[in-house]
Amino acid sequence: MAQLRREASSTNVANCAKGKCPFGHELQPWTAPAGVCSGCGKNFSSGEQVMDCRMCQWLLCELCCPRSTVPQGSVWGALCQLPFYAAGRLEAVLTSVDVTFDQLVERSCSDLETTYNGVVCSGPVGSVMLDAERLLGVGADAEDPPASPVRLPAVEDDAMKALILEFCDVPTVAPSRADLDAFWDKFSLLYSCTLDLRCAAEEMCQQLAQQPQLSSLDNVAQARQKFRALLLLEDLLRHRGAVGQDLACEVACRSSRYLRHLAKVGVIPSANATAVESGFPEADPCPGAAVALWLISELLGDECAFDGCWTDSDTVASSSMEVIDGGLLFSSRGVVVCLAPTGRNKLSAHLCGHLLQVELVEGRLIWSDGSVWVRDSRDAPGSSEFFVALDRTRTWRNFKLGLDIDNVDGSSLLVVRVHRDGLVATWNAGHPGREVKPGDRIVAVNSEEQNTRRMLGAIRHERCLRLRFQRDQRTTQELRPYSTIH
């Protein structure tokens, strides 16, 4: 055995003199990390210059193998060692990344715990979160059995609703910057658990859609809630990044009708003195109207931008025409389709069994199926023809058109008189410049034309009407009523 050791030692010494490890691999100069010399067993610190074989993990210090005595290695010897040096470098990089990630997770968990404790200790949100803790087993004693890791979205949704209600239902009219920041911190924590904005959007829509109450005190309380909800939407859109913008857009699309109403009358439909006494700004006669109008312009666009008569750009020469009015599409096929807002100057509609998206771009309607609609020239200002769209499903008080007509030629219906009550009178009040007047002729009703009997039948039985009129120059003194149509 002693003889074998002496032979191995003499072999190592001979290899070191030749610049090779005990297995005959060429040694390479290397700046090594802290370690131990394989020859004399000396400990050295990180950064010491050594001769090294990475394949065998063989290190020799400067005393055991001086660099000046080692012959210059070959290119092949260096290439053989290169993968092992790369593997060692990669391991060091991965270790560094792992340490950095652990530090980041530890710091983030600490921040989340601080925010979570703030949520738990505040108002009705705190009670809901405490219920969630009891259900999920968070914070249980050591001897308690571990709770099953079941996620309860209902608890998180209730916490989100309670958070929004807590923000809106306070006696102060305008929230401070600290109030808005505190709401966003709590909202961010709850949103990180669900990554779903629908619950928050529904609750904010309910705040905007509250109906006036009989009590004036209840009306004032509702006005404060609506006003704070509007200011919260404004803050989300201006200062809270992509998530805040998505939530504001979702709320605006769901409650577009209420936002447009608030833009006209404000949050409190009463005298200015009552608004001032309730804490609203004295200089604002319609509190909240300016904020609602700005939100509409940024999130929805002009409500009337889509109204008018349209035709497919590929079939401009045809007689088919589509009429849009008040969020309804009166199709040339006799179908009435509701148009739902999905963004700024964007709508969606169910057509032919498909959900299609449409966007108003430079005066044209671009549909998601590739079709493009343009304004119909027959409905241009000054044209002898114009269209009227009436929807009987939107009213329960009066289904009558309120017209006296004369069937003069069998192919058109001449308007003799427009009554003060009726669907046509309502149309005239809301469409200045496109009023129906005595002397106008009805030349088409939905898909019926050139036949007054069928046109009258469609008027009496169809719930949604698309009437095409032609302006007649005859005076009302020359006209005699044929019948009153309903």
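Reply:
**The open sheet and its surroundings**

Nine strands make an open sheet with antiparallel pairing, in the order β9-β8-β7-β6-β14-β13-β12-β11-β10. At its edges stand β9 (336-338) and β10 (340-343). Each has a single partner strand, so one side of each is left without a neighbour in the sheet. Neighbouring strands here are turned by 30° against each other on average, direction ignored. Such angles lie between axes, which are lines fitted to C-alpha atoms (for helices, over the stretch in contact), and run from 0 to 180 degrees between N-to-C directions.

This is a predicted model: local features need pLDDT of at least 70, side-chain atom pairs count only at pLDDT 80 or more, and totals for chains, interfaces and linings use all residues. Residues are numbered from 1 along each chain as its sequence is written, and side-chain values use heavy atoms, with hydrogens and water left out.

Some terms first. Strands (E, at least two residues) and helices (H or I, at least four) are DSSP runs, numbered from the N terminus. Two strands pair if DSSP finds at least two bridges between them. Strands of a sheet pair through backbone hydrogen bonds, either parallel or antiparallel.

Three bridges pair β10 with strand β11 (residues 346-351) in the antiparallel sense. A340 stands opposite S348 in β11.

Other strands pair too. Strand β1 (residues 28-32) runs antiparallel to strand β4 (residues 48-53), with five bridges joining them. Here Q28 faces D52 in β4. β4 is also joined to strand β5 (residues 58-60) by three bridges, again antiparallel. D52 stands opposite L59 in β5. A hairpin is formed by β4 and β5, with four residues between them. In its turn, Q57 has a positive phi of about 55°.

Next, the helices. Helix α6 (residues 198-208) packs against helix α8 (residues 241-254) at an angle of about 50°, with their axes 9 Å apart.

Last, a salt bridge: a side-chain nitrogen of Lys or Arg within 4 Å of a carboxyl oxygen of Asp or Glu. By this rule the model has eleven. One joins R177 and D181 (3.9 Å, N to O). They are four residues apart in helix α5 (residues 177-194), so about one helical turn separates them.
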